[in-house]
Amino acid sequence: MKVTAIPAFRDNYVWAIHDDHAAILVDPGEAAPILTWLEARQVKPVAILVTHHHADHVGGIKDITARHAVPVYGPALEAIPGRTHPLRGGETLHIDALNLSFQVLATPGHTLGHLCYVGQGGLFCGDTLFSCGCGRLFEGTPAQMHDSLSRIRSLPPETQIYSAHEYTLGNLAFALEVEPDNAALHRKLAEVRALRDQGTPTLPVDLATEIATNPFLRFDEPSVIVAASQHAGYPLQPGLAAFTAVRAWKDEA
Ligand code: ZN
Ligand code: FE
């Protein structure tokens with residue numbers, strides 16, 4: 001089993017979970033690059049998993065399902081084109097063609113129905129978690145996103161994080177503003193620059209590295225709480241208050 005990034009638009013990744021014959025597609029925002037990828041390898045799509053309703057995650061579904069009749073799993077709370085299997089979180093999916101199972105996590109925050117899929121040692125997390133960043137709060141509250149990220153943070157540390165966007169380099173600039181003395185962040189910046197110079201995706205990343213570097217998972221770390229308190233101008237409690245202040249700080253940047 002492999003997981004391959006199919007680049008779409010300017011900075012999206014559609015993740016293909018596949019063997020030599022069949023593929024599950026996560027968040028197919030654009031059909032053309034996916035159909036080209038499938039045809040070049042003679043791989044058939046067997047399922048589509050959708051994290052949320054934004055166009056850059058669902059825009060390719062219609063053209064793909066017009067050619068390949070595959071089930072489309074997605075949030076029940078959102079309008080997802082072609083959705084056949086509405087999900088709310090808590091379900092387990094089994095994709096028979098690849099004999100793979102995924103747990104469905106409800107992760108409201110970026111949108112209200114946002115889902116993540118956990119399976120194969122990976123977390124397919126759409127726009128909830130990015131390397132060194134998290135999604136903007138378009139629909140949900142800081143409390144919802146803090147809860148979603150807290151549950152993600154408690155997954156096994158070796159979990160591979162498959163986000164939907166290549167935002168890592170930009171996110172690192174902000175993360176270093178929050179924690180200029182975090183040595184793990186400086187190491188990460190050097191690695192990410194080298195990868196981007198070669199045009200290589202910076203994803204997936206393992207959860208342990210994210211916990212050491214991502215300010216949006218570090219709302220209990222003294223260094224982050226002190227920096228966010230200084231920026232806010234008043235002392236913040238660990239947890240939700242610190243998370244909320246860091247999210248607001250990044251929104252200003
Ligand atoms: Zn989005
Ligand atoms: Fe997106």
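# Notebook: metals, rings, sheet and core

I began with L149, which touches T128, L129, C134, F216, L217 and F243, leaving aside residues up to four places away in sequence. Contact here means heavy atoms within 4.5 Å.

Some ground rules before going on. The model is predicted, so I note that local features need pLDDT of at least 70 and side-chain atom pairs pLDDT 80 or more, while totals for chains, interfaces and linings use all residues. Residues are numbered from 1 along each chain, chains are lettered from A and ligands numbered from 1 in the order written, and side-chain values use heavy atoms, without hydrogens and water.

**Entry: the core**

I looked up where L149 belongs. It is one of the residues that touch the most other members in the largest nonpolar core, together with I24, F102, Y117 and L123; that core has 52 residues. Another core lies apart from it, with 20 residues, among them V14, A23, L25 and V58. A nonpolar core is a set of buried Ala, Val, Leu, Ile, Met, Phe, Trp, Tyr and Cys residues joined through side-chain atoms within 4.5 Å. Buried means under 20% relative accessible area, exposed over 50%, and partly exposed in between, with a 1.4 Å probe and protein chains only. Helices (H or I, at least four residues) and strands (E, at least two) are DSSP runs, numbered from the N terminus.

**Entry: the zinc ion**

Which residues hold the zinc ion (ligand 1)? I found H52 (NE2), H54 (ND1), H110 (NE2) and D127 (OD) as its protein donors, 2.2 to 2.3 Å away. Donors are N, O and S atoms within 2.8 Å of the metal (3.2 Å for Na, K and Ca); water is not among the atoms, so sites may look incomplete. Along the chain the zinc donors are spaced H-x1-H-x55-H-x16-D. The four donor atoms subtend angles of 86 to 173°, so the arrangement is irregular. For the cut-offs, I noted that four donors are tetrahedral if all angles lie between 85 and 135 degrees; four are square planar and six octahedral if opposite donors are over 155 degrees apart and all others between 65 and 115; anything else is irregular.

**Entry: the iron ion**

I turned to the iron ion (ligand 2). Its protein donors are D56 (OD), H57 (NE2), D127 (OD) and H165 (NE2), at 2.1 to 2.3 Å. Their spacing reads D-H-x69-D-x37-H. The angles run from 84 to 167°, so this arrangement is irregular.

I traced D56 to helix 2 (residues 55–58) and D127 to the loop between strand 10 (122–126) and strand 11; the two are 71 residues apart. D127 is buried at 4% relative accessible area. D56 is partly exposed at 23%. H110 is buried, with a relative accessible area of 4%.

Six of them form an open sheet of mixed pairing, in the order 7-8-9-10-13-14. Strand 7 (92–95) and strand 14 (205–206) are at the edges with a single partner strand each, so one side of each lacks a neighbour in the sheet. Two strands pair if DSSP finds at least two bridges between them. Strand 8 (residues 100–106) and strand 9 (residues 115–119) pair antiparallel over four bridges. I picked out L105, whose bridge partner in strand 9 is C116.

**Entry: the rings**

I counted nine aromatic pairs. Rings of Phe, Tyr and Trp (its six-membered ring) pair if their centres lie within 6.5 Å; planes under 30 degrees apart are stacked, over 60 edge-to-face and the rest tilted. F130 and Y167 have ring centres 4.8 Å apart and planes at 70°, so I logged them as edge-to-face. F130 sits in strand 11 (residues 129–130) and Y167 in the loop between strand 13 (160–163) and helix 5 (168–178), so the pair ties together parts 37 residues apart in sequence. F130 is buried at 4% relative accessibility. Y167 is partly exposed at 32%.

F174 and F216 have centres 6.1 Å apart and planes at 20°, so they are stacked. F174 is in helix 5 and F216 in the loop between helix 7 (207–213) and helix 8 (222–232), 42 residues apart. F174 is buried at 3% relative accessible area. F216 is buried at 0%. I also noted one aromatic cluster, formed by Y13, W15, F102, F124 and Y162.
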